[in-house]
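Here's a quick briefing for anyone meeting this structure for the first time.

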Amino acid sequence: EGWSFTSWNCCPQGQAWYSSPITGFERGDLLVGEMVAAQDLNSYTITSTIPGKNSTTITVDTTGLTFDWADVTLEVYDVDTCA
């Protein structure tokens, strides 16, 4: 119930990895997402942060996978209005 924020990596070969969600944030909170490649490009660290409150991180092994684009997605469910 309510909003949540999490780090995800999905789909090059049908897999999906995600971190534990952050909950309990409020209207007006800043949400920050960051993707950082390792120097050898064999992994990415994906971090979702609400500065001063909480963060969640995953590191994904990308050995043998080709990532040639990135996407940031906001998924929203059961919202009737937005202001």
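Read along the sequence, the protein chain goes β-β-β-β-β-β-β. That comes to seven strands and zero helices. Keep in mind that this is a predicted model, with a mean pLDDT of 82 for the protein chain.

**Confidence**
- In the protein chain, 95% of the residues reach a pLDDT of 70 or more.

**Overall build**
- Taken along the principal axes, the C-alpha atoms of the protein chain fill a box of roughly 40 × 30 × 20 Å.
- The protein chain has 83 residues, and 22% of them are buried.
- Look at contacts with a separation of 6 or more, and 35% of them in the protein chain link residues 24 or more positions apart.

**The surface**
- The protein chain has an accessible surface of about 6,800 Å², and carbon and sulfur atoms account for 49% of that.
- Trp3, Leu74, Val76 and Val79 make a nonpolar surface patch of about 430 Å².
- One of these patch residues, Val79, is found in the segment after strand 7 (54-61).
- Is valine 79 buried, partly exposed or exposed? Its relative accessible area is 40%, so valine 79 counts as partly exposed.

**A buried spot: threonine 56**
- Threonine 56 has its place in strand 7.
- Threonine 56 counts as buried because its relative accessibility is 9%, and the cut-off for buried is under 20%.
- Leaving out residues up to four places away in sequence, what does threonine 56 touch? Its partners are Phe5, Thr6, Ser7, Ser19, Ser20, Ile22, Ile46, Thr47 and Ser48.

**An exposed spot: leucine 41**
- You'll find leucine 41 in the loop that runs between strand 5 (32-37) and strand 6 (43-50).
- Leucine 41 counts as exposed because its relative accessibility is 52%, and the cut-off for exposed is over 50%.
- The backbone is worth a look here too: phi of leucine 41 is near 60°, a positive value in a residue other than glycine.
- Why point that out? Most residues other than glycine have a negative phi.

Terms used: Residues are numbered from 1 along each chain as its sequence is written. This is a predicted model: local features need pLDDT of at least 70, side-chain atom pairs count only at pLDDT 80 or more; totals for chains, interfaces and linings use all residues. Side-chain values use heavy atoms; hydrogens and water are left out. Helices (H or I, at least four residues) and strands (E, at least two) are DSSP runs, numbered from the N terminus. Buried means under 20% relative accessible area, exposed over 50%, partly exposed in between (1.4 Å probe, protein chains only). Contact means heavy atoms within 4.5 Å. Accessible areas come from the Shrake-Rupley method with a 1.4 Å probe; for residues, only the protein chains shown count as cover. Patches are made of residues with over 30% relative accessible area and no salt bridge: like charges are joined within 9 Å, nonpolar side chains (Val, Leu, Ile, Met, Phe, Trp, Tyr) within 5 Å. A salt bridge is a side-chain nitrogen of Lys or Arg within 4 Å of a carboxyl oxygen of Asp or Glu. pLDDT is the predictor's confidence in each residue, from 0 to 100.
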